[in-house]
Amino acid sequence: MYMLIVTGLSGAGKSNVLRALEDMGFYCVDNLPAKMTSQFIELCRKNVPPVSKAAIVIDSRESIFNGMGKTAILDTLNSENVRYEVLFLECSDEVLTRRYSETRRRHPMSPSIDEGMHIEREMLQPLKERAHYIIDTSDLKPIELKKRILALQIGEAMQRFRLVISSFGFKRGIPTDADMVFDVRFTRNPFYEKELRGLSGLDKQVQDYILRSDCVLPFLDSVEGTLRALIPHYIDNDKHRLMVAFGCTGGRHRSVFAAQSMYERLNKDWDAIIVHRDLVDEAHDIIGRFGKEG
């Protein structure tokens, strides 16, 4: 039996995730009391046919946070020999505040939305630290969130540790789910070269241009060495996921090159995925400002 624990901030989209998981064949339960976890597992196993994959939502309303310990449900799953992973939904305070204001909902932790978000972030941090997947829903529409869930192939190949390498543009904000952030704006910007502006860090012309700076390869070597030295310690401390993000101004040239380079250096040694967060959005922005010819 495989179980996915869905948790995260109130208003970040847990209900939308459950609907997507139901479409994927998961048996889903919203806000199951932690004390009933063992009984739920038994029911799943005794069902005819047995439930092979289930998903349950754990949030700040649950009694897991009132005396049982913040990760008690994970200890129960371990004792029951259930294969499980944790999906954590993150979201910016600004977007959460807007969502609460639009729906006129009360935050479950406090009459004050700001105070409620602060309390909840601290409360959920232990689960976030043990998450296998973290999704920032700040800029995701429900259909986009569903596509992201489908792309993760949850439960199909459980990994003890996953390395996520991402590129992004500072002008759209630092990824809130990043564990390490490297600023690559110290090197020359291909954006200012007309013939390169419409290309990306995945194109050889842009890569060759960036590599003309003598500081680039030593920087990449240094980051690689740091990650190779630290990743074993993260794994030893039961860290399931490490996200390393490289940022430039727009997120299309320098950061894409750096992230892609690091992915190619490390993906043979760890289960790694590459995410270019702003690659497409920046392309649309460039076309809007300069036209298709750049």
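## Basis of the description

The model is predicted, so local features need pLDDT of at least 70 and side-chain atom pairs count only at pLDDT 80 or more, while totals for chains, interfaces and linings use all residues. Residues are numbered from 1 along each chain as its sequence is written, and side-chain values use heavy atoms, with hydrogens and water left out.

## The five-stranded sheet

Five strands form an open sheet in the order E2-E3-E1-E4-E5, with parallel pairing. Strands E2 (27–29) and E5 (133–136) stand at its edges with a single partner strand each, so one side of each lacks a neighbour in the sheet. On average, neighbouring strands are turned by 20 degrees against each other, direction ignored. Strands (E, at least two residues) and helices (H or I, at least four) are DSSP runs numbered from the N terminus, and two strands pair if DSSP finds at least two bridges between them.

Strand E1 (residues 2–8) runs parallel to strand E4 (residues 83–90), and seven bridges join them. Within E4, Phe88 stands opposite Thr7. E4 also pairs with E5 in the parallel sense, over four bridges; here Asp136 of E5 is the bridge partner of Glu90.

## Helices on the sheet

Helix H5 (residues 113–129) lies across E1, E4 and E5 and runs at about 145 degrees to E4. Helix H6 (residues 142–152) also packs on the sheet, where it touches E4 and E5, and its direction makes about 160 degrees with that of E5. These angles run from 0 to 180 degrees between N-to-C directions, with axes fitted as lines to C-alpha atoms, for helices over the stretch in contact; contact means heavy atoms within 4.5 Å.

Both faces of E5 are covered, with Tyr133 and Ile135 buried on one side and Ile134 and Asp136 buried on the other. Buried means under 20% relative accessible area, exposed over 50%, and partly exposed in between (1.4 Å probe, protein chains only).

Helix H10 (residues 254–266) has 13 residues, of which eleven are buried, so the helix is largely enclosed by the rest of the structure. Its buried residues pack against strand E6 (162–169), helix H8 (204–211), helix H9 (216–236), strand E8 (241–248), E9 and helix H11 (279–290).

Arg162 is in strand E6 and is buried, at 15% relative accessible area. Its side chain makes a polar contact of 3.1 Å with that of Asp271 (a pair of N or O atoms within 3.5 Å; within protein, one must be able to donate a hydrogen and the other to accept it, and residues adjacent in sequence count only if both atoms are side-chain atoms). Beyond four places in sequence, the residues that Arg162 touches include Tyr133, Leu152 and Ile273. Ile273 belongs to strand E9 (residues 272–276) and is partly exposed, at 26% relative accessibility. Ile273 and Ser166 are 107 residues apart in sequence, with their C-alpha atoms 8.4 Å apart.

## Nonpolar cores

The largest nonpolar core has 51 residues, of which Leu21, Leu87 and Ile149 touch the most other members. Such a core is a set of buried Ala, Val, Leu, Ile, Met, Phe, Trp, Tyr and Cys residues joined through side-chain atoms within 4.5 Å. Leaving aside neighbours within four places in sequence, Leu21 contacts Leu4, Val6, Phe26, Cys28, Ala55 and Ile149. Apart from this core lies another, of 29 residues, among them Phe161, Phe182, Val206 and Leu227.
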